[in-house]
Amino acid sequence: MKVAVIGANGQLGADVSREFNRTGNDVYELSHSDIEIGSPKSVDEALAGAKPQIIVNTAAMHNVENCEKEPLKAHEVNAMGPLNLAIVARQIGAVLIHVSTDYVFDGSKKEPYLEADPTMPLNVYGNTKLAGEAFIRANADRYFVMRTSALYGRNPCRGKGGRNFVELMLKLAGERDELRVVNDEVVSPTATSELARQIVALSRTDNFGLYHATAEGSCTWYEFAKKIFELANVKTNVVVAAPSEFPSKVPRPKYSVLENNALKVLCLNSFRTWEEGLRSYLASRHQTN
């Protein structure tokens, strides 16, 4: 299959490209310099001639604070971008795989969200990503929309300063005697390599639609940090930060755990627990350092 990966040099896109290559596909890697998804002309020029059979969109404006500051730009990238991709995908007969977010929910449910649960974004980022989902459903013939959570991977994340949570914690542990981490947000930390494998597996089916796609289980950011140091065998003092210590400039869901229900119904769920994913990530990090 010829597969176009948009955002191929990003944190998730690099692993998606690697996994499609590993499984014998012809991967057409597109970075920000090759395609601007907010521009219909750019999307058409990059994809219409190449005619990939699968288009994977990992590109987004996902710095939550920047989205609040620049809502029009966020709308252009996160909402209009998927619309442009859906239109071209339909025209060339391609399957569109689009990565969305747990931030389409407000966190009030307090138990894992199913695909059918009502959405209620709290911020510009969540609203624009939800709009992108709607545009795809209305304009693409064959699509997979995959919501995920708290991604981390080996490739730098350009939109978030280049360092994921795991790398940030390990860096700070070498610089400070004590780390203070929030304990009031519950997520499912998901390794990009695991999401990439799930994307490839799903692409081999015609079970089109909306999917939740995260590591199994959940934890707070404080619990995540503790597990990072435990598995990396790093001795450092981690304490719970007071709720007012790191005030958020943007409303965020306090609980955004997703249940991979649609994948499980189809017996397609390939995700391990977040702890197992983290253990594998740390092992691969050690091998490549």
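Which side chain does K171 meet in a salt bridge? The notes below take this up in point 4.

1. Basis. This is a predicted model, where local features need pLDDT of at least 70, side-chain atom pairs count only at pLDDT 80 or more, and totals for chains, interfaces and linings use all residues. Residues are numbered from 1 along each chain as its sequence is written, and side-chain values use heavy atoms, with hydrogens and water left out.

2. Overall fold. The chain has ten helices and twelve strands (DSSP runs numbered from the N terminus: helices are H or I with at least four residues, strands are E with at least two). The C-alpha trace spans about 55 × 40 × 40 Å along its principal axes.

3. Burial and contacts. Buried residues make up 50% of the chain. Buried means under 20% relative accessible area, exposed over 50%, and partly exposed in between (1.4 Å probe, protein chains only). Take contacts between residues at least 6 apart in sequence: 81% of them join residues at least 24 apart. Contact means heavy atoms within 4.5 Å.

4. Salt bridges. The count comes to 15. The rule asks for a side-chain nitrogen of Lys or Arg within 4 Å of a carboxyl oxygen of Asp or Glu. K171 meets E175 at 2.7 Å, N to O. K171 counts as partly exposed because its relative accessibility is 33%. R180 and E178 form another bridge, at 3.0 Å. E133, R137 and R147 are linked in a network.

5. E230 pairs with K227, with the closest N and O atoms 3.3 Å apart. The two are three residues apart in helix 8 (residues 221-232), so about one helical turn separates them. E230 counts as exposed, at 53% relative accessibility. K227 is partly exposed, at 21%.

6. A buried lysine. K129 sits in helix 5 (residues 124-139). K129 is buried yet has no salt bridge. The nearest side chain of opposite charge is E133, 7.4 Å away. Beyond four places in sequence, K129 touches A60, N78, H98, V99, S100 and T101.

7. A buried aspartate. D102 lies in the loop between strand 4 (95-101) and helix 5. D102 counts as buried because its relative accessibility is 3%. Leaving aside neighbours within four places in sequence, D102 is in contact with T148, S149, S256 and L258.

Note on methods: Lys and Arg count as positive and Asp and Glu as negative; His and the chain ends are not counted.
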